[in-house]
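Visitor: Hi! I'm new to this one, could you walk me through it?
Guide: Happy to. Let's bring it up on screen.
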Amino acid sequence: MAESQARIEALNKSNFETWKLQMEAVLIKNDRFKYLSEVAPPPEPKEAYNSWKIEDSKTKADLILCIHPSELKPVKNCLTAKDMWEKLESTYQSEGPARKANLLKSLLQLKMETGSDVRDHIRKFCDIIDKLQDLDIVIDEDLTSVMLLYSLPANFEAFRVAIESRDELPKLDTLRIKIIDEWQSRADQSLSKDDGA
């Protein structure tokens with residue numbers, strides 16, 4: 001388990017969806033996922049109950065080891081792995097209007113800083129889109145492409161105009177590739193200038 005945990009970023013206030021997906025994969029791999037949905041068996045026969053309790057405790061330990069210490073308070077009194085999982089979902093996976101509004105606000109206000117890694121920016125953008133889709137909010141593809149274009153810094157203005165002047169806006173996947181290619185090309189040109197100097 002420790003090897004798999006090393007690749008999982010500890011649960012914090014902003015990464016529940018990613019953390020949940022990775023945690024589910026780890027628990028499935030270690031044949032412990034069933035403890036997130038199973039209730040404790042009856043105390044008799046005692047051997048079956050004790051065996052279940054040991055495996056449930058191991059599952060709880062796996063979860064605790066993948067949660068940032070500052071986020072442990074909500075789950076510290078949970079008796080089973082199932083209780084812990086449900087508490088985490090109710091704490092971090094709100095589907096109410098406030099969550100939808102916050103995600104939409106994050107998407108609209110997302111701006112890439114000049115000089116930062118465009119791949120990280122696109123990853124954040126697409127992560128918000130995915131979270132909105134999980135809440136049944138689907139944004140039109142053309143609008144999504146326009147929003148991504150306008151989240152780029154001012155030094156992408158010529159690129160943005162070139163994309164907008166086409167007969168048809170590219171789909172999001174195609175646009176992502178074009179943006180990354182443009183960014184990489186600029187980085188390569190910058191390196192060439194530095195080497196020439």
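Guide: Let's begin with Asp31, which is exposed, with a relative accessible area of 54%. Keep in mind that this is a predicted model.

Visitor: Okay, where is Asp31 found?
Guide: Asp31 sits in the loop between helix H2 (16-29) and helix H3 (46-65).

Visitor: And what about the phi of Asp31?
Guide: Its phi is positive, about 55°, although Asp31 is not a glycine. For background, most residues other than glycine have a negative phi. Asp136 also has a positive phi, of about 65°, and is not a glycine either.

Visitor: Where is Asp136, then?
Guide: Asp136 is in the loop between helix H6 (118-134) and helix H7 (141-150).

Visitor: Is Asp136 buried or exposed?
Guide: Asp136 counts as exposed because its relative accessible area is 70%, and the cut-off for exposed is over 50%.

Visitor: New topic: how many residues are in the largest nonpolar core?
Guide: That core has 24 residues, and those with the most contacts inside it are Leu107, Phe125, Leu152 and Ile179. The elements giving two or more residues to this core are helix H5 (97-109), H6, H7, helix H8 (157-164) and helix H9 (172-196).

Visitor: Which element gives the most to this core?
Guide: H6 does, with seven residues. Phe125 has its place in helix H6, and Phe125 is buried, with a relative accessible area of 0%.

Notes: Residues are numbered from 1 along each chain as its sequence is written. This is a predicted model: local features need pLDDT of at least 70, side-chain atom pairs count only at pLDDT 80 or more; totals for chains, interfaces and linings use all residues. Side-chain values use heavy atoms; hydrogens and water are left out. Helices (H or I, at least four residues) and strands (E, at least two) are DSSP runs, numbered from the N terminus. Buried means under 20% relative accessible area, exposed over 50%, partly exposed in between (1.4 Å probe, protein chains only). A nonpolar core is a set of buried Ala, Val, Leu, Ile, Met, Phe, Trp, Tyr and Cys residues joined through side-chain atoms within 4.5 Å.
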